[in-house]
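Please keep the model open while you read.

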Amino acid sequence: MSGPSRLRVRHVTDYQYEKPVTASYNELRVTPRTGPAQVVLEARLDVTPVGRVLDYVDYFGTVVHVLDLRVPHRSLVIVGTAVVETGWPVDSTRTKHLSWAEAATDTFAGHFVEFLQPTGYTPHDARIAEAAHRLRDQTDPVNAPEVVVHWVRNSMRYAPGTTEVHTSAIQALEAGSGVCQDFAHVAIAMLRCAGVPARYVSGYLHPKAEAVIGETVSGESHAWIEAWDGQGWVAHDPTNGRRVGRDHVLVATGRDYSDVAPVKGVIAGGGSSRLDAAVEIPRLA
């Protein structure tokens, strides 16, 4: 199939608490945003219990809903629903290509400083530095992301449960396994070490290309990367070893996972808790 695809995304996040929560403050990043390759036709957020919800667009362009709950509760259910047309063709004509010489200038480094510096999730170590040095000898910045994706997939295997949400790129690389978050962090760390601006992307993935119209598919929260090629951001999916396409729905971008966490905040009370999350993605067209 080719051309744009219309998807409905329903993301349910369900927290159950051992004891009553007396106050809860959270930032929610679950709403897709319109961009070069996708158009958001509808978006809705429902929260139970009902609380005060404000929204804003953060520094990286992500839609953020701020939830302030001041009523005692032992469960919190967040349902984000959206209809998105994905896979819109992006102009692939490039009149400007990034070179290693340009990437090494102070002006360039200052402009892309957030996406060139290491972070807690994307630190540098000797192995990443060595691989980045070889990368610069093998290719140019424009083709570097595809080489990095190939390197990451040869260095790691997809294995849920072998890492956790706070695992860094170095830890995942040492383990030789991880999930989409880890694949993205390792690829970003290597590209930044080589001097190519790279950013973390979170969203959803429709996993069943052969699904018929209207068939509800259990989708996935997913992570991938975008790299700067001199004229724009180009998206790559390190986990699946390919470019991002019509089955990807973009929600948030940032330096690493800490900038795009779907739910992030603080609560008073609650004791121990259980979290259940599910994503459903029927194709509408």
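How are H3 and H6 oriented to each other? H3 and H6 are oblique to each other, a term for angles that are not under 35 degrees (roughly parallel), over 145 (roughly antiparallel) or 65 to 115 (roughly perpendicular). This is a predicted model, in which local features need pLDDT of at least 70 and side-chain atom pairs count only at pLDDT 80 or more, while totals for chains, interfaces and linings use all residues. Residues are numbered from 1 along each chain as its sequence is written, and side-chain values use heavy atoms, leaving out hydrogens and water.

**H3 against H6**

- Helix H3 (residues 126-138) packs on H6 at an angle of about 60°, and their axes are 8 Å apart; helices here are DSSP runs of at least four residues, and strands of at least two.
- Axes are lines fitted to C-alpha atoms, over the stretch in contact for helices, with angles from 0 to 180 degrees between N-to-C directions.
- The crossing of H3 past H6 is right-handed, that is, the near helix is turned clockwise from the far one by less than a right angle.
- Ile128, Ala129, Ala131, Ala132, Leu135 and Arg136 of H3 meet Ala189, Met190, Cys193 and Ala194 of H6, where contact means heavy atoms within 4.5 Å.

**H4 against H6**

- Helix H4 (residues 144-155) and helix H6 (residues 180-194) have axes that come within 10 Å and cross at roughly 130°.
- H4 and H6 are therefore oblique to each other as well, and H4 passes H6 in a right-handed crossing.
- On the H4 side the contact includes Pro145, Val148 and Trp151, and on the H6 side it includes Phe183, Val186 and Leu191.

**Nonpolar cores**

- In the largest nonpolar core, which has 45 residues, Val152, Val186, Leu191 and Tyr204 touch the most other members.
- Such a core is a set of buried (under 20% relative accessible area, 1.4 Å probe, protein chains only) Ala, Val, Leu, Ile, Met, Phe, Trp, Tyr and Cys residues joined through side-chain atoms within 4.5 Å.
- H6 gives this core its largest share, ten residues.
- Apart from this core lies another, of ten residues, including Val47, Leu67, Leu69 and Ile78.
- Not counting residues up to four places away in sequence, Leu191 touches Ala144, Pro145, Val148, Val196, Ala198, Ile225 and Ala227.

**Around Ile213**

- Ile213 sits in the loop between strand E8 (198-205) and strand E9 (220-228).
- Leu7 is 206 residues from Ile213 along the chain, with their C-alpha atoms separated by 9.5 Å.
- Neighbours within four places in sequence aside, Ile213 is in contact with Arg283, Leu284 and Ala285.

Technical notes
Buried < 20%, exposed > 50% of the residue type's maximum accessible area, 1.4 Å probe, protein only.
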